[in-house]
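Hi,

Here is the structure I promised to send over. Have a look at it first, and then read on for what turned up.

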Amino acid sequence: MASEQQSQSIKSSKVLVVGAGGIGCELLKTLALSGFQDIHIIDMDTIEVSNLNRQFLFRKSHVGQSKAKVARDAVLRFRPQINITPYHANVKDPDFNVDFFKQFNVVLNGLDNLDARRHVNRLCLAADVPLVESGTTGFLGQVTVHIKGKTECYECQPKPTPKSYPVCTITSTPSKFVHCIVWAKELLFAKLFGDKTQENDLNVRSNDASSSSEHAEDVFERREGDDPEQYGRRIYDHVFGYNIEVALSNEETWKNRNRPRPIYSKDVFPNGFIQSNGNADKVSDTENPSSVSATASLSLKNPQDIWSLSENSKILLEALKIFLGKRDKEIGNLIFDKDDQLAVEFVTAAANIRASSFGIPLHSLFEAKGIAGNIVHAVATTNAIIAGLIVIEAIKVLQSNSNNCRMTYCLEHPSRKMLLMPVEPFEPNKSCYVCSETPLSLEVNTNSSKLRDFVEKIVKNKLGMCFPLIMHGSALLYEVGDDLDQAMVANYTANLDKVLAELPSPVTSGTVLTVEDLQQEFTCNINIKHRDEFDDEKEPDGMVLSGWTQAPSKEKDDSVAVSNGASTSSASQSTVVEAEDDDDVEIVPTELAFVSAGAKRKLSEISNSNSSAHSSVGDGYCGKKKIEVVDEEDVVVMLTDGNSDVSKKKRLQ
């Protein structure tokens, strides 16, 4: 039974829940049953059929509706006396600023991406509101507490980079099925259905002057009079046949590799292409075109089946036909979405055809979707456990009992007969550029790098700012905002295309840039250091940010694995996974940020001793470009030293 003091702190608190997915639904239910009276919830998503197996506040009749609003209505049916305010919106919208966050006693995260987590972390720091973070991946999960000035913030420790592959491997020499998936998703799907202006390596042209005129032009451009089947066969023959033949002409490439086999539609359909049964054509105008399925149209409904080359070819051409016929208005703006059934079917079929060409084992639709979407299927029980732990920590925070707060990890395989492993929170990292405001330094060629490169690669991608403002002393170089007049917008747009040294207020070696995000109320200083040359393979961005450490990515097999808390070395080193919540959780490879012995100190162990954090670094890419497989995920690993007294308290094994 809760004490009177606990009950009062619960009833009088105002709580913000960010995310109404797998964790969010369980969290709302647990908050309501625990006596919380005033709950606000933000979620931008609508309900999908795939959510229903674990997000138990939703029913089939709710598909397509707002998660936040339906979750509110569902909870009020069994707790009608409490107040729940839903927001069907993105937490990064300007409405949810620091003043909005200041009204809450605690913020509870149930998010599914790193970008939003970092944004909420900064708003909580600016508003001085405690944040309880969470994440689950399959059977694994964790809850962490972040209190300004007392514990480390969410960004005090580095997060791993997105898993990426060199373009040369993806386009020329795939050896794993994941390479074929990335090719189908990032190159073929994007070329056919995405931004038509993007550069792409698919429209190969032979150097042979006698090459047919068909390959002397853009084969991806749909010609007048082309019906979907003609267009589909031309694309098929080009990417799976002609492109492979051109690649084979470079004998040097295949000296130590198995030679791929060109595949043409006439080889697969010697008697001509067999028409589908026409189910897709029977879709009414009122039906949602995105619900149309190529597999249903061809009566191939078991996602566990591994299709033959012929079946994959039929699905590819059928999916293309449906896109051109039923979803033509979307073409040019489509981005691959793991919840878009037709997109997943197209990518699976294309990847399997390419795999067949390169002698790589084929995969089922179910397996391919997991790889394409970087999915580990969510476990409802884990979500419920994590939601309960979030509420326990929230109550401690509300009672100003931060010394008893714990970071708690849910392990797949119990260790020491314990499924839940609690760890005391650590103090803020003194080198954290977010909560400790430590200056950063940037090595860059100021005579060739443009302001646009700095904004995109550093300010947005690495520092996670949404509405950046960049200043050199009192000179404003760049700004984003709805309140800018046309002259200012034109001026800042012109600045983007200027090299740093040629800006109105030149940026050269020794310059200190102030970068600020007004919405996040976050500011950092960046010291500029000119550098003439960069390694194209190890430093593809052409600039190196220091004082900010990002965990390295690591290429793994396509059978993606996640650390389960087992030891990773002989030095009593243990791993902890911090992953994502929500629809079929997205994951990352377990190449993690490592913290040296003594680098992270618990609140109860803070002393005057100095400590430092280190990150493990490991690269090895060919080519100047890399294709990212996942967007933004995060995993944290903590290592301990051999000191038995310390490791008894710190380590998780």
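Which residues in α2 meet which residues in α3? On the α2 side they are Leu-28, Lys-29, Ala-32 and Leu-33, and in α3 their partners are Ala-71, Val-75 and Phe-78. Sorted by type, the residues of this contact come out as six nonpolar, one charged and no polar. Before you go further, keep in mind that this is a predicted model.

Now for how the two helices sit. Two packed helices are described by the angle between their axes and by the distance between those axes. Helix α2 covers residues 22-33 and helix α3 covers residues 67-78; they pack at an angle of about 30 degrees, and their axes are 10 Å apart. Angles under 35 degrees count as roughly parallel, so α2 is roughly parallel to α3. As for handedness, the crossing of α2 and α3 is right-handed.

The other thing I looked at was the cysteines. How many disulfides does the structure hold? The number is zero. To count as a disulfide, two cysteine sulfur atoms have to be within 2.5 Å. The sulfur of Cys-153 has its closest cysteine sulfur in Cys-435, at 3.7 Å, so that pair is too far apart for a bond. Cys-432 also has its closest cysteine sulfur in Cys-435, again at 3.7 Å and too far for a bond.

Are Cys-153 and Cys-432 buried or exposed? Cys-153 is buried, with a relative accessible area of 3%, and Cys-432 is buried too, with a value of 3%.

Cheers

Technical notes: Residues numbered from 1 in each chain as written. Predicted model: local features only at pLDDT ≥ 70, side-chain atom pairs only at ≥ 80, totals over all residues. Heavy atoms only, no water. Buried < 20%, exposed > 50% of the residue type's maximum accessible area, 1.4 Å probe, protein only. Axes fitted to C-alpha atoms, helices over the stretch in contact; angles between N-to-C directions. Helix = DSSP H or I, 4+ residues; strand = E, 2+ residues; numbered from the N terminus. Parallel < 35°, antiparallel > 145°, perpendicular 65-115°, else oblique. Left-handed = near helix turned anticlockwise from the far one by under 90°. Contact = heavy atoms within 4.5 Å. Nonpolar A, V, L, I, M, F, W, Y, C, P; charged D, E, K, R; others polar.
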